[in-house]
Amino acid sequence: MYTITQLQDLVNKQIAAKSYTESPSELYEPITYIMSLGGKRMRPVLTLMACDMLDGPITAALDAAVAIEVFHNFTLMHDDIMDKAPLRRGKATVHSKWNDNIAILSGDVMLIESYKLLLGSVESSILKEVLDVFNDTAAGVCQGQQIDMNFEITDEVSVAQYMEMIRLKTAVLLGGSLKIGALISKASTAVADELYNFGVNVGIAFQLQDDILDVYGDPEKFGKQVGGDILSNKKTFLLIKALELADELDKEELTYWINARDFDPASKINSVTGIYNRLGLRPLAEEEMNHYARKGLAALDQVSVAQEKKQALAEFAGQLLTREA
C-alpha cells in the first residue's frame, strides 16, 4: 500500500510531465501556470487511494487522476473570474495575470484536456462507465456553482438547500474521484458506489469544516482572512442557522450587518461572531460536520476489503476534518 505522501508525489510528477506548449502560447501557458501552483492534490490522490486499496494498477489510474485535477483547476480558473479573485494559493489568478478572455478560453481547453487524458488512458471495457461518472460529476459541480451564485441574490436559503449546494459544488467531485479509481481497479458496482458515498459525505463534512474555520480558524494557519464569509454575507451553514434561530434582537442586529454598505470590517466580524457565539452555532456546526463524517465512515465500513486496507482512507478523512487550514 502506498502512503498519501507517495501518492501526492506520483501525482505531482505526472502533472509535471505534461506539456502544454501548443500555439497560441496565451491559450496554453495559463494551464501550465495554474497546474504549477500546487495544492494538496486531494482529488487525484483519492482516485489513486481507491485504486490501491482495491489492488488495482496505480500506473493505469495516474492519467485519470491527473484528468480530475485538471478539471478541478479548470473550475477554479473560472470561479476566480466570477469571484473577481486576485489571488489563488498566494499567486496571481490567471485572469489577473493575463485577462478574463484568456482565462475563459484557457479554462475551456483544460476541460478538453481532461477528457483527452481519460480517453487516452482508461481501458475501453470500462471507458463508458468512467466517462458517465466524470460527466455526472462535472455537471454536478457546475450546478452547485450556479446554485451558490443564486444564493447571492436570494434572501431566504434553508439549511437543506445549502447542504444540497455543497453536495454538488464540493462533495460530488470527491465521491467521483474515488468511484473512478474503484472502476479502474475493476471493483464491483456496489464497492464503487460505497466509496462514492464515503467521498460525498466526507466532502460535505469538509465544507462544513471550512465554514467553521472561516469564523474560528487561526488566521496564520487558515491561509486566508478569517471572517471573509461574514464580510461578504456568504450564506454558510452558520449564517443560515443564525437567521433561523435568532431572536428578534439578534436578527435585527444580523440584518443590520447584512445590509450595511459602509462599515468597519473588524466591527462586523466581531459583532456577527458574537451573535454566532450567543446562539451556540459552533457546536451545532461541528455536530453537523461530525454527522456527515460518521455517514462517510459507515459507507467505508461497507466496502468488502480487509480493514487494514481501508485505514489509509479513514486516516485521510480524519486529516481533512481536523485541519486548521
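This is a predicted model: local features need pLDDT of at least 70, side-chain atom pairs count only at pLDDT 80 or more; totals for chains, interfaces and linings use all residues.
The model's local features need pLDDT of at least 70, side-chain atom pairs count only at pLDDT 80 or more, and totals for chains, interfaces and linings use all residues. Residues are numbered from 1 along each chain as its sequence is written, and side-chain values use heavy atoms, leaving out hydrogens and water.

Q: Why are H13 and H14 called roughly antiparallel?
A: Helix H13 (residues 248–259) and helix H14 (residues 265–278) pack at an angle of about 150°. Angles over 145 degrees count as roughly antiparallel, under 35 as roughly parallel, 65 to 115 as roughly perpendicular and the rest as oblique. H13 and H14 are therefore roughly antiparallel.

Q: Which residues make the contact of H13 with H14?
A: H13 brings Asp250, Glu253, Leu254 and Trp257. H14 brings Ser267, Lys268, Ser271, Val272, Ile275 and Arg278. Contact means heavy atoms within 4.5 Å.

Q: Why is phenylalanine 206 called buried?
A: Buried means under 20% relative accessible area, exposed over 50%, and partly exposed in between (1.4 Å probe, protein chains only). Phenylalanine 206 has 13%, so it is buried. This residue sits in helix H9 (residues 189–216). Leaving aside neighbours within four places in sequence, phenylalanine 206 is in contact with Met42, Thr170, Leu320, Leu321 and Arg323.

Q: What makes cysteine 142 partly exposed?
A: Its relative accessible area is 44%, so cysteine 142 is partly exposed. Cysteine 51, at 0%, is therefore buried.

Q: How many disulfides does the structure hold?
A: A disulfide is a pair of cysteine sulfur atoms within 2.5 Å. The structure holds zero disulfides.

Methods:
Axes are lines fitted to C-alpha atoms, for helices over the stretch in contact, and angles run from 0 to 180 degrees between N-to-C directions. Helices (H or I, at least four residues) and strands (E, at least two) are DSSP runs, numbered from the N terminus.
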